Amino acid sequence: MRKFKMDNANKKNIIILVVDAFRPKNLSMFGYRKKIDKNLKKIADKNLLFKNFFSSSNATAPSLMSIFTGRYPNHHGILHQFPYTTNKEIEKMDREMKFWLPKYLKEKGYNTIAIDWIGMWFKDGFDYYEEREETQSKLKKFMNVPVVKKFLLNLPNWAYKIGKKVVKTRASVKFSPAKDTMDLGISKIKNSKKPFFLFMHFWDTHFPFPTTKFRGSKKENIEEFLEKIENKSQREYFKKRVTDIGLNSTEDMIDKYDAAIKEVDKQIGRLFNYLKNNNLWDNTVLIVLGDHGTNLIDHEIYFSSSGLYDDTIHVPFIMHLPGFEGKEMNEFAQNIDITPTVLDYLGEREYNNFDGKSLIKLVKGDKIRDKVFFWDGLCVNVRGVRTKNKKLIVAKDNQCNLCKSSHHGEFEEYDLEKDSGENENIYSGESELKEFLDEKEDL
Ligand SMILES: [Zn+2]
C-alpha cells in the first residue's frame, strides 16, 4: 500500500467552527421562515450540506470529545457535561485516549489554534489556546448558594427581577462576542507561517445570549406561560431562565436566539470572504456544525438542551472539501465521523480505531450508518438510538441535573414517520431497537 507523505504543499488548512446549541429548525436552509443564515446558506448551496447529521450528545463536552476522538461517549469516557462529569469518566478518558485530532495535526506539522474557553484537557495539542477566565462576581456566586437561590425563587416575580437587575450578573464576561472570536481567528490565520488547524467555538447562541444586542418588544406572556407549567421544578427553572435573560415574552426569547444566529452567520460570512480574497478557499477545509441543538419551549424543556428529542441532537453540518462538488446529503452522519473524514481526506490510512466513518464514503454514494446513537450529557443516565423512522430512548435514571425534574420515562419510542414531533410514546414493552442500546452499555 502506498504510504502517504504529507508535505506542506499538499497539506490543506483545516477549520472547524462549532456553534453552540445550534439547531437546524431555526435555519432557512432547513425550512425556517426567517432568513437569518444568509452566509451559511450561500456556502451550503455550493458545498456539502448534511441534512441528517446528529450529535452523539446533547451537551458540549461529550460532543467535542466525539469530534476530536472519533468515538462515542461510552468509548471516549466523557458522558456528562461539567460539572456533572464523574471521576470515573475522567479516569476512563485517560485510559482510553487513543487519538486526539489536535495533537495528531500538531505532530504532522500544523499550526494548531483554538479559540474557546472550555480549557482543561481540551487545550491538549493546541499551539495556541485562547481561554477566557470565568469571572463570576462574588454576588453571583452568593446567589447560587442553594438556600439563597431557593429564597430568591420564592419571591414574587417582580421582586426577583429587581433583585437580579441590581446584582447585574456578568455572564457576558464568559462568552466573547462572535465578532471578537472571528477577529482573533482571522488574525491567527494571517500570521500563520505554515498550514493551520483552526478550531473556533461560538457561544453567542448559548442561553442567555449575553453577547447579542437585542431590544425586546412590548410583548408579554410570561405570567400566562408560567401558569401553564405544571411541574414545580420546571416552573422554577423557567422562571430563572426568564429573569436571566430579562425579557417578557417567549417570542422575544426566541427572537433573541435568532438574532444570535444571525450575528454568528455574519461572522462566518466574513471568514468566507477573507479566505476567498486571500486565495485560501481552495486550499482550506471548512466544517461548520452545532455541538448539540436546543429546546426553546419544546417538550416542556425551556431554553436548554436537556433530553434526547431531535431538537437537542439534530444539528446543522456544512462542509467545504476542496475537490468535491456541492451536494445535499440525506443519509445519516454523526460528529464521530469528523475525525475519520479529516484523516481520510489527508490520505492517512494508519488509524482505524474509530466509531465514526469517513464522510467521503457517504459523499461518494455509500451509506455509512443506518442508526445514530446519543447520550444525554445533562441527565443522570439516559441514552438513545434512532433510525430514519424510529427512535428509542432508555432512561435508567432520568433525573435532569439542570431542572431536577425528568424529561423522559424509562422507555420511550417514537414513530418518526407519523410523529416527527415526538409527542406520542408508542413503547409497548418490546422494541426492535432495544438490542442496539444494550450493546452500548456504558462505563
Ligand atoms: Zn431539565
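The charged end of lysine 188 sits over the ring of tyrosine 128, 3.6 Å from its centre. Such a contact needs NZ of Lys or CZ of Arg within 6 Å of the ring centre and within 35 degrees of the ring normal. This is a predicted model: local features need pLDDT of at least 70, side-chain atom pairs count only at pLDDT 80 or more, and totals for chains, interfaces and linings use all residues. Residues are numbered from 1 along each chain as its sequence is written, and side-chain values use heavy atoms, without hydrogens or water.

**Charge over ring**
- Lysine 51 also places its charged end over a ring, that of phenylalanine 30, 5.5 Å from the centre.

**Aromatic pairs**
- The structure holds 32 aromatic pairs.
- Rings of Phe, Tyr and Trp (its six-membered ring) pair if their centres lie within 6.5 Å; planes under 30 degrees apart count as stacked, over 60 as edge-to-face and the rest as tilted.
- Tyrosine 72 and tryptophan 375 form a tilted pair, because their planes stand at 45 degrees, with centres 5.4 Å apart.
- Tyrosine 72 lies in the loop between helix H2 (60-69) and helix H3 (73-76) and tryptophan 375 in strand S9 (residues 372-375), so the pair ties together parts 303 residues apart in sequence.
- Helices (H or I, at least four residues) and strands (E, at least two) are DSSP runs, numbered from the N terminus.
- Both tyrosine 72 and tryptophan 375 are buried (under 20% relative accessible area; exposed is over 50%, partly exposed in between; 1.4 Å probe, protein chains only).
- Phenylalanine 411 and tyrosine 427 are stacked, 4.7 Å centre to centre, with 10 degrees between the planes.

**Cluster**
- One aromatic cluster includes Trp100, Trp121 and Tyr129.
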